[in-house]
Amino acid sequence: MRSSISEIDLHNLTVDDALYQLERYLNKSVREGLDVVWVIRGKGEGVLRSEVHRHLTGHKLVGEFRLADYYHGGNGVTRVELSDW
């Protein structure tokens, strides 16, 4: 049974470092049985958002993802629902 919600902050990381940390985090989150994780990356110019979303698209551990609603960070945060794969 899955439980809890967790987050990772990728602020101030290069794209390569951010994607590496994100991949480790997704694997850890699935092992811990999490349902939803929040990826905090900031707004900036949107480069990190684009690359994070590209990485999540079709990822075997990801059921779906979307930008967070306004009260959870809006354009600066991605909400990721993990799959049961």
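Reader: First up, R41: buried or exposed?

Author: Keep in mind that this is a predicted model. In it, R41 is buried, because its relative accessible area is 5% and the cut-off for buried is under 20%.

Reader: Where does R41 sit in the fold?

Author: R41 is in the loop between strand 2 and helix 2.

Reader: What does the side chain of R41 make a polar contact with?

Author: The side chain of T78, at 3.0 Å. There's also a backbone group to look at: the oxygen of N75 lies 3.0 Å from a polar atom of the R41 side chain.

Reader: How many residues apart in sequence are R41 and T78?

Author: They're 37 residues apart in sequence, and their C-alpha atoms are 8.0 Å apart in space.

Reader: Beyond its sequence neighbours, which residues is R41 in contact with?

Author: Leaving out anything within four places in sequence, the list is H11, L48, R49, V52, H53, L67, N75, G76, V77 and T78.

Reader: OK, over to T78. Where is it, and is it buried or exposed?

Author: T78 is in strand 4. It counts as buried because its relative accessible area is 0%, where under 20% is the cut-off.

Reader: And what does T78 touch?

Author: Not counting residues up to four places away in sequence, T78 touches V37, W38, V39, R41, H53, L56, F65, R66, L67 and A68.

Reader: What about V77, where is that?

Author: V77 is in strand 4. With a relative accessibility of 8%, V77 counts as buried. Setting aside residues up to four places away in sequence, V77 touches W38, V39, I40, R41, R66, L67, A68 and H72. Take W38 from that list: V77 and W38 are 39 residues apart in sequence, with 6.6 Å between their C-alpha atoms.

Reader: Switching to the cores. How many residues has the largest nonpolar core?

Author: It has 18 residues, and L10, L22, L26 and V52 are the ones with the most contacts inside it. Helix 1 (15-31), strand 2 (36-40), helix 2 (47-56) and strand 4 (77-82) each put in at least two residues.

Reader: Which element gives the most to this core?

Author: Helix 1, with six residues.

Reader: You mentioned I8. Where does that one lie?

Author: I8 lies in strand 1. At 12% relative accessibility, I8 counts as buried. Beyond its neighbours within four places in sequence, I8 is in contact with Q21, L22, Y25, W38, V39 and I40. As for A18, its C-alpha is 9.9 Å from that of I8, and the two are 10 residues apart in sequence.

Reader: And H59, is that buried or exposed?

Author: H59 counts as buried, at 12% relative accessibility. Its place is in the loop between helix 2 and strand 3 (62-67). Leaving aside neighbours within four places in sequence, H59 is in contact with E23 and L26.

Reader: Pockets next. How much space lies in the largest pocket?

Author: About 160 Å³. The largest pocket is lined by 13 residues, with R41, G42, K43, G44 and L48 nearest its centre.

Reader: How do the residues of that lining divide?

Author: Into four nonpolar, five polar and four charged.

Reader: Last one: where is V47 found?

Author: V47 is in helix 2. Its relative accessibility is 48%, so V47 counts as partly exposed. The C-alpha atoms of V47 and V15 are separated by 8.1 Å, and the two residues are 32 residues apart along the chain.

Terms used: Residues are numbered from 1 along each chain as its sequence is written. This is a predicted model: local features need pLDDT of at least 70, side-chain atom pairs count only at pLDDT 80 or more; totals for chains, interfaces and linings use all residues. Side-chain values use heavy atoms; hydrogens and water are left out. On a 1 Å grid over the protein atoms alone, a cavity is a set of points where a 1.4 Å probe fits but cannot get out, and a pocket is an open set with protein on both sides within 12 Å along at least five of seven lines; lining residues have an atom within 4 Å of a point. Grid points are joined across faces, edges and corners, and a volume is the space filled by probe spheres set on the points. Ala, Val, Leu, Ile, Met, Phe, Trp, Tyr, Cys and Pro count as nonpolar, Asp, Glu, Lys and Arg as charged, and the others, Gly among them, as polar. A nonpolar core is a set of buried Ala, Val, Leu, Ile, Met, Phe, Trp, Tyr and Cys residues joined through side-chain atoms within 4.5 Å. Buried means under 20% relative accessible area, exposed over 50%, partly exposed in between (1.4 Å probe, protein chains only). Helices (H or I, at least four residues) and strands (E, at least two) are DSSP runs, numbered from the N terminus. Contact means heavy atoms within 4.5 Å. A polar contact is a pair of N or O atoms within 3.5 Å; within protein, one must be able to donate a hydrogen and the other to accept it, and residues adjacent in sequence count only if both atoms are side-chain atoms.
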